[in-house]
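Subject: Structure handover

Dear colleague,

My notes on what was found in it follow after that.

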Amino acid sequence: MSLGGVLPDSPLFNISTILLASGLIWFGSGWLEESAEKLSAYYGLPAVVQGSVVVAVGSSFPEFTSVVFTALNGAFNMGVGAIVGSAIFNILVIPALSGLATEEDLEASRTIVYKEAQFYMIAVSALVVTFALAVIYVPVPDGPELAGLITRPLALIPLLLYGLYLFIQWQDVGDYEGEFVTDGITVTRQWGRLAVGLLVILIAVEQLVGSVESLGQTFGIPEFLAGVTIIAAATSLPDMIVSVRSAQDDRGATSLGNVLGSNTFDLL
């Protein structure tokens, strides 16, 4: 029920809330990504690191918050569905749209292939291994077959792997000698804009998850299916906009790095 039960809980109102929340996610992500790009230029980060870490984490914030809110609401399957649906959309559709949206060829560098793409495949494997360990060693008591519990120690496996990913990116930043763009960039204003974007996304995703959960209960939609379709579509908008816009600006490394970095962040 929206806003803690203050607003009505009808299917029509929930659909309107989903559309409004999707629009707020789009606007909030735009503010967040624009400020992240300017801060990356200000601090002189490489294009690949800018796309795969700074912009990727920003554009993945909707997926992150959707998993947190669904877990808090006891609907973790919906959050996992959102991650799976978003990852499939990101890796198959966004690079294709980015290539079609620009007149020039989309550049795929050696770094993209041998670091970002390979680490993404490692992330997929790590998540599968984590789920398998949960099923084998921590099965659900008196639960369905092949169902396990993800304990805190198991949750550390993908988190530590993402720490390794950040360490590799930090090494690249240390070896990079780029220009620091300071003209026309007010650092405090950009950090404030980034914080406001995060807050807008946080509120919008909370309402989105609540409305989707309510619709699922009304029409009998399984949690995973609702996550992999409705929530995944809404939370993938920022990734698509960022990558397409970067490709149109002839920044192929940022465009592809955002896709792979977003998926790595989402999965781990």
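A pocket, as the word is used here, is an open set of grid points with protein on both sides within 12 Å along at least five of seven lines, and its volume is the space filled by probe spheres set on those points. Please bear in mind throughout that this is a predicted model.

On that definition, the second largest pocket has a volume of about 220 Å³. The residues lining this second pocket are Phe76, Asn77, Val80, Phe131, Ala134, Val135, Gly148, Ile150 and Phe224, and the elements that give two or more residues to that lining are α4 and α6. Sorted by class, the lining of the second largest pocket comprises seven nonpolar and two polar residues, with no charged residue.

The largest pocket holds about 730 Å³ of space, and its lining is made up of 24 residues, of which Val67, Phe76, Asp266, Leu267 and Leu268 lie nearest the centre. In terms of class, the lining of the largest pocket has 19 nonpolar residues, two polar ones and three charged ones.

Turning to charged pairs, a search of the whole structure finds three salt bridges. In one of them, the side chains of Lys38 and Glu34 meet at 3.4 Å, N to O; both residues lie in helix α1 (residues 11-42), four residues apart, which is about one turn of the helix. Lys38 is partly exposed, with a relative accessible area of 31%, and Glu34, at 30% relative accessibility, likewise counts as partly exposed.

Another salt bridge brings together the side chains of Glu34 and Arg193 at 3.3 Å, N to O. Glu34 lies in helix α1 and Arg193 in helix α8 (residues 187-219), so this pair ties together parts that are 159 residues apart in sequence. Arg193 is partly exposed, its relative accessible area being 28%. Through shared partners, salt bridges join Glu34, Lys38 and Arg193 into one network.

There is also a salt bridge between the side chains of Glu116 and Lys115, at 3.5 Å, N to O, and in this case both Glu116 and Lys115 are buried.

Finally, a point from the database record: under "transmembrane region", an unreviewed UniProt entry lists residues 12-32, 39-58, 78-98, 119-140, 146-168, 194-212 and 224-242. Of these spans, residues 194-212 are 100% helix and 0% strand in the model, with the end C-alpha atoms lying 27 Å apart, while residues 224-242 are also 100% helix and 0% strand, with the end C-alpha atoms 26 Å apart.

With best wishes

Terms used. Residues numbered from 1 in each chain as written. Predicted model: local features only at pLDDT ≥ 70, side-chain atom pairs only at ≥ 80, totals over all residues. Heavy atoms only, no water. 1 Å grid on protein atoms, 1.4 Å probe; cavity = no way out; pocket = protein on both sides within 12 Å on 5 of 7 lines; lining within 4 Å. Nonpolar A, V, L, I, M, F, W, Y, C, P; charged D, E, K, R; others polar. Salt bridge = Lys/Arg side-chain N within 4 Å of Asp/Glu carboxyl O. Buried < 20%, exposed > 50% of the residue type's maximum accessible area, 1.4 Å probe, protein only. UniProt positions renumbered as here; feature names shortened; annotations may be inferred.
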